[in-house]
2 protein chains.
Amino acid sequence: MARKTGSHSEITGPRIRAVAERLFARHGYAAVSMRQIAAEVGVQAGALYLYTPDKQSLLADMMREHLEGLLAALADLPAPPDPAEALAQFARFHVDYHILRPDAVFIAYMELRNLEPAHFAQVEALRRRYEDALEAILQRGRDMGVFSLPDTKLATLALIAMLTGVTNWYREGGRLGRAEVLGIYADMALKAVGAGPKR
Amino acid sequence: MARKTGSHSEITGPRIRAVAERLFARHGYAAVSMRQIAAEVGVQAGALYLYTPDKQSLLADMMREHLEGLLAALADLPAPPDPAEALAQFARFHVDYHILRPDAVFIAYMELRNLEPAHFAQVEALRRRYEDALEAILQRGRDMGVFSLPDTKLATLALIAMLTGVTNWYREGGRLGRAEVLGIYADMALKAVGAGPKR
DNA sequence: GCTTGAAATGAACCCTTGTTCAGTTTACCG
DNA sequence: CGGTAAACTGAACAAGGGTTCATTTCAAGC
């Protein structure tokens, strides 16, 4: 039988993913070598291949899992009937989720170009599904006359860019607290689409 | 004397920068080799070193020049007394400038991590100056009571992220024209800070 | 305690990297 | 037309890349 206590496989596997995520985010996928990852994990480079078929899969799996987690968390939210409330909830959710995972977010948005076509298509489809969720909210708000939007697709991308930008500067323990930041971004999002902030 | 007509140096130099810009934007600095650049220019790798001391300088110069151009263009704008007008002008300017140079923009925002500390400091200072220009507009609008902003620094970064996001999707000849896009972004920016769109 | 097999080593594989440089080409100047 | 210097080649360098694999380690189960 497989070993249990004392076995390292259940520790090394996740550690590789964690280290790779941090290094990829910090220096970029192409700039990080398998030997660097191995060194930080405390293992030889060859050992990495017990946990991943190759470097590319390490990246692709990481991105896919991040986006699947994001979509799953989004699906767990209630669906408020009021579009303004739905948008405020989305904005808070998005900022909060991204603030807590800056490395994964950065990689998912920046390393798309380093994916082979097959992996790229998978990841892009997931991202598209997420954007569609926001666009549906905007569409409904516009149909109900509470949002004023010349173009919902453009607004979707503009809002996501604005909200995701939080990862560029937010640091835990900084000048602004997390709750505060969520509120400000949600307000800006609501105002940007022509709805008053939720009180 | 130096040759003039027939000399390639005044052609090869700019071509190297142009090719490098496109490749860095497409694949990332670390993923592009000097041999790839040379091949696209139609020259041997060694010849690149007649025009740049090393690969790192190629990147750093590119980023510095982009940001200097951005700041110079910004400085050429008039300074409208009305904050809302100033913000609308800034938004239009930012989107327009970025739409026309997607590769340079992408590199300036994404390859910061690949700069050596000395180059990084220079580039970061330029970017900071640009952000400060927008923050000054927001600050003045808030002081005059026409913008409602809990935090001007956060708003600055949120707006820049939103506006810069245009490079993620805008393509010349697409569904929306450039003028149209400028207008929509400017409106969203104004609304986001609590000012009505300029008419 | 001995066997077993998963976990990890460490050396090797071949390829590509950034960079250098002695030598060749080329087109202008005098 | 010959000399000159700029522009470029092409081969070499040492270092590091991703990946493989025969071998060693060692805790778990009998």
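Is A:Thr12 buried or exposed? A:Thr12 is buried, with a relative accessible area of 13%. Buried means under 20% relative accessible area, exposed over 50%, and partly exposed in between (1.4 Å probe, protein chains only).

This is a predicted model, in which local features need pLDDT of at least 70 and side-chain atom pairs count only at pLDDT 80 or more, while totals for chains, interfaces and linings use all residues. Residues are numbered from 1 along each chain as its sequence is written, chains are lettered from A and ligands numbered from 1 in the order in which they are written, and side-chain values use heavy atoms, without hydrogens and water.

A:Thr12 sits in helix H1 (residues 9–27) of chain A. Helices are DSSP runs (H or I, at least four residues), numbered from the N terminus. Beyond its neighbours within four places in sequence, A:Thr12 is in contact with A:Val41 and A:Tyr51. Contact means heavy atoms within 4.5 Å.

**The interface**

Chain B gives 35 residues to the contact, and chain A gives 35 residues. The area buried between the chains is about 2,700 Å², with 67% from carbon and sulfur atoms. Buried area is the accessible area (1.4 Å probe) that two parts lose on being put together, summed over both. 100% of the interface residues of chain B are also interface residues in chain A, so the copies meet through the same surface.

**Salt bridges**

A salt bridge is a side-chain nitrogen of Lys or Arg within 4 Å of a carboxyl oxygen of Asp or Glu. The count over all chains is 18. Between chain B and chain A it is four.

| Pair | Distance, N to O |
|---|---|
| A:Arg175 and B:Asp151 | 2.6 Å |
| A:Asp151 and B:Arg175 | 2.6 Å |
| B:Glu124 and B:Arg127 | 3.7 Å |

A:Asp151 is buried at 9% relative accessibility. B:Arg175 is exposed at 62%. In the other cross-chain pair, A:Arg175 lies in the loop between H7 and helix H8 (178–192) of chain A and B:Asp151 in the loop between helix H6 (117–143) and H7 of chain B, so the pair joins two chains.

B:Glu124 and B:Arg127 share helix H6 of chain B, three residues apart, about one turn of the helix. B:Glu124 is partly exposed at 27%. B:Arg127 is buried at 18%.
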